[in-house]
Amino acid sequence: MTAEKSSQALQTVYNIKDFNLWYGTNHALKNVSFDINESEVTAIIGPSGCGKSTFIKTLNLMINMNPVVKMSGDIVYKGDSLLTGKPDLVDLRKKVGMVFQKPNPFPKSIYENVAYGPRVHGIKKKQELDEIVEKSLRDAVLWDEVKDRLHTNGMGLSGGQQQRLCIARALATTPSVILMDEPTSALDPISTSKVEELIDELRKKYTIVIVTHNMQQAARISDQTAFFYMGELMEIGETNKIFTNPDNPKTEQYISGQFG
Ligand SMILES: Nc1ncnc2c1ncn2[C@@H]1O[C@H](COP(=O)(O)OP(=O)(O)OP(=O)(O)O)[C@@H](O)[C@H]1O
């Protein structure tokens, strides 16, 4: 957390209130409450099965694709309830982009991967699409590597480049939030550090929520860290504090590698 950020009043992007989620009878998230602020990186950490992926998939309601899921409490996104309101899912996913664990470019050209979202949202003019593609690829720090081969297949890029292409694809619809579910776990160390540098750039303009198993990564890149354990939010706080002086003994045990 940078000093200048902590001194500003940050807007709340998500207000999560007493949120519960069940897969059938499996109570996967229990009474989770916390806020996610604009222009911050929030890291979600915790052992396997604690509900990290489930939680991040609720933030753009991707979780609704699973018919056995039931939810209670609320997740309020910029003042609108995602549970009791009637959110327009196309619009929500335009504003809340998502990047997954394994890079998943479409089997199309680099250009088409990035232009796809804006086209779906009604942008047809070639010049406008060209500008969006260039800007998104620049913002994803991929432009220089691909500008001479925009019309070759995105699947032909390296894993790390593919992940930055997926980030460019998410940026192309001008979201305000980017959700990242273990975005570097399939990448080599060099690609990982490139994506981490990119996250450090993106934090200036976007609110980022990242699930990670890598605690050094959470400590390096996030402003606040939420530690989940068996579906409960055990502790949330400023990242420095969570990693140096957590309040909850379970957090201490997890970050010191005693389980997980
Ligand atoms: N599609 C699903 N159907 C039924 N239960 C599920 C489903 N997805 C997850 N669960 C259950 O919900 C709980 C939380 O799983 P989730 O995948 O969110 O944890 P996680 O912390 O992301 O784990 P990992 O770190 O291993 O990815 C687990 O008990 C899991 O078995």
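The buried residues of helix H4 (residues 110-120) are covered by elements that include helix H5 (126-139), helix H6 (143-146) and helix H7. Those buried residues include Ile110, Asn113, Val114, Ala115, Gly117 and Pro118. A residue is buried if 20 or more other C-beta atoms lie within 10 Å of its own, exposed if 12 or fewer, and partly exposed in between, with C-beta atoms placed from the backbone. The model is predicted: local features need pLDDT of at least 70, side-chain atom pairs count only at pLDDT 80 or more, and totals for chains, interfaces and linings use all residues. Residue numbers start from 1 along each chain as its sequence is written. Helices (H or I, at least four residues) and strands (E, at least two) are DSSP runs, numbered from the N terminus. Two residues are in contact, or touch, if their C-beta atoms, placed from the backbone, lie within 7 Å.

**H4 against H7**

- H4 packs on H7 (residues 159-171) at an angle of about 30 degrees, and the two axes are 7 Å apart. H4 is therefore roughly parallel to H7.
- Axes are lines fitted to C-alpha atoms, for helices over the stretch in contact, and angles run from 0 to 180 degrees between N-to-C directions. Angles under 35 degrees count as roughly parallel, over 145 as roughly antiparallel, 65 to 115 as roughly perpendicular and the rest as oblique.
- The crossing of H4 with H7 is right-handed. A crossing is right-handed if the near helix is turned clockwise from the far one by less than a right angle, and left-handed if anticlockwise.
- Ile110, Asn113, Val114 and Gly117 make the contact on the H4 side, and Leu165, Ala168 and Arg169 make it on the H7 side.
- This contact of H4 with H7 comprises four nonpolar, two polar and one charged residues. Ala, Val, Leu, Ile, Met, Phe, Trp, Tyr, Cys and Pro count as nonpolar, Asp, Glu, Lys and Arg as charged, and the others, Gly among them, as polar.

**H4 against H5**

- The angle between H4 and H5 is about 115 degrees, and their axes are 9 Å apart.
- H4 and H5 also form a right-handed crossing.
- From H4, Tyr111, Val114, Ala115, Pro118 and Arg119 meet Leu129, Ile132, Val133, Ser136 and Leu137 of H5.
- By class, eight nonpolar, one polar and one charged residues make up the contact of H4 with H5.
- After H4 comes Gly122, with a positive phi near 100 degrees.

- Ala172 sits in the loop between H7 and strand E7 (177-181).
- Ala172 is buried because 27 other C-beta atoms lie within 10 Å.
- Not counting residues up to four places away in sequence, Ala172 touches Val114, Gly117, Pro118, Ile132 and Ser136.
- Ala172 and Ser136 are 36 residues apart along the chain, with 5.5 Å between their C-alpha atoms.

**Nonpolar core**

- The largest nonpolar core has 62 residues, of which Ile44, Ala168, Ile178, Leu179, Ile208, Val209 and Phe228 touch the most other members. H7 gives the most to this core, with six residues.
- Such a core is a set of buried Ala, Val, Leu, Ile, Met, Phe, Trp, Tyr and Cys residues joined through C-beta atoms within 7 Å.
- Phe228 touches Ile44, Gly46, Cys50, Gly51, Lys52, Phe55, Leu233 and Met234, leaving out residues up to four places away in sequence.

**Partly exposed positions**

- Ser176 is in the loop between H7 and E7, and it counts as partly exposed because it has 16 C-beta neighbours inside 10 Å.
- Beyond neighbours within four places in sequence, Ser176 is in contact with Lys95, Tyr206 and Thr207. Ser176 and Thr207 are 31 residues apart in sequence and 6.2 Å apart C-alpha to C-alpha.
- Asn20 lies in strand E1 (residues 12-23) and is partly exposed, with 15 C-beta neighbours inside 10 Å. Asn20 touches His27, Leu29, Lys30, Asn31, Met71, Ser72 and Gly73, not counting residues up to four places away in sequence.
- Asn31, in strand E2 (residues 26-37), has a positive phi near 50 degrees and is not a glycine. Asn31 is partly exposed, with 14 other C-beta atoms within 10 Å.
- Leu61, in the loop between helix H2 (52-58) and strand E4 (69-77), has a positive phi of about 55 degrees although it is not a glycine. Leu61 counts as partly exposed, with 18 C-beta neighbours inside 10 Å.
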